[in-house]
Amino acid sequence: MGKHIKTWNLLSRLLFLLVFVISLGVFFMTHTGDSWVDFAINMAFDAIAVLFLVIYFETCARPLAKTVWALDSVTRDIQSSGEDQKTLWNRYSRDIAPFGCRRLDERYASYIQETQRLQRQNTLTADCDIEDYIDENVIYDAVNKPFCDQLGGIMSGLGILFTFIGLVYGLRNFDASSVDLMQSSTQALMAGIKIAFLTSIFGLIYSLLFNLVYKNLVRSSVQALRDFQDAYAERVRPSNEHAAENAMLRMQSEQNAALERFGASVGEQVSESIITLMQPMVQ
């Protein structure tokens, strides 16, 4: 799964680069007249969109890929290990940083510390689940979910913003006071309309592609997390789903054994008392 995430990140980078190159070509080919203002406005739109994408890949996609790779590595180690459950637990309970990823290792260290604390207390819930510590929040923190949830809308918003900028630019020198002036200013109006339509189109394209890439990335990452949780619960530490029930059964068994010992002790004491009382009568 980790290789899949890295491959998907590389393909998505190439896909956005292709869209950027296509947009440059379209902006250049649709440019008319001596003024390059319309082309500059289109380039400003592309530059801002690319800036947001660079921020996404460097601060969201890259940390997520590292997190998923760490999860996948530990999952493969657990699944391929020939050790029994007790041996695996002893190894993973001593190693509080098995992932080599700070975000995961901090949560795993908290899980181990809490497990050991509960075991020392010997309470009814003398165990805790790995799912309580390494859960979907790890994925959402790595990918900076609040930012990514808004980025698709930001792309669409950029397209709408530059649509109005293009219309303002087109209407700036438009003069409808006479037929001659209207005809002479039509070129600037058409240039503004082209800016408006092209930025809207590419804003939607960037938004749709980003949402596709982001949702696929998160879905694959969550699946990698589920694979780790299943492997850990199956091979290393069973889920605590029935821990309280099992603890109650153990306590009930201990109470029954204590009652049996108490009954045997009382019986012995009564027998000794009867024998002591009967001895003078026999003599």
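A: **Thr163 and its setting**

Along the sequence, the protein follows the pattern α-α-α-α-α-α-α-α-α. It has nine helices and zero strands, where helices (H or I, at least four residues) and strands (E, at least two) are DSSP runs numbered from the N terminus. This is a predicted model, in which local features need pLDDT of at least 70 and side-chain atom pairs count only at pLDDT 80 or more, while totals for chains, interfaces and linings use all residues. Residues are numbered from 1 along each chain as its sequence is written, and side-chain values use heavy atoms, with hydrogens and water left out.

Thr163 is found in helix α6, residues 145-172. Thr163 counts as buried because its relative accessibility is 15%; buried means under 20% relative accessible area, exposed over 50%, and partly exposed in between (1.4 Å probe, protein chains only). In the protein, 37% of the 283 residues are buried.

A polar atom of the Thr163 side chain lies 2.6 Å from the backbone oxygen of Gly159. Leaving aside residues up to four places away in sequence, Thr163 touches Ala196, Thr199 and Ser200, a contact being heavy atoms within 4.5 Å. The C-alpha atoms of Thr163 and Gly192 are separated by 8.6 Å, and the two residues are 29 apart along the chain. Across the protein, 77% of the contacts with a separation of 6 or more are between residues 24 or more positions apart.

The largest nonpolar core has 62 residues, and those with the most contacts inside it are Tyr56, Phe99, Tyr108, Ile134, Tyr206, Phe228 and Tyr232. Such a core is a set of buried Ala, Val, Leu, Ile, Met, Phe, Trp, Tyr and Cys residues joined through side-chain atoms within 4.5 Å. The elements giving two or more residues to this core are α1 (2-29), α2 (37-80), α3 (85-94), α4 (102-121), α5 (136-143), α6 and α8 (186-235). The most comes from α8, with 17 residues. Phe228 touches Leu71, Val74, Thr75, Ile78, Phe99, Ile130 and Ile134, not counting residues up to four places away in sequence.

Definitions and conventions:
Polar contact = N/O pair within 3.5 Å; in protein donor to acceptor, adjacent residues only side chain to side chain.
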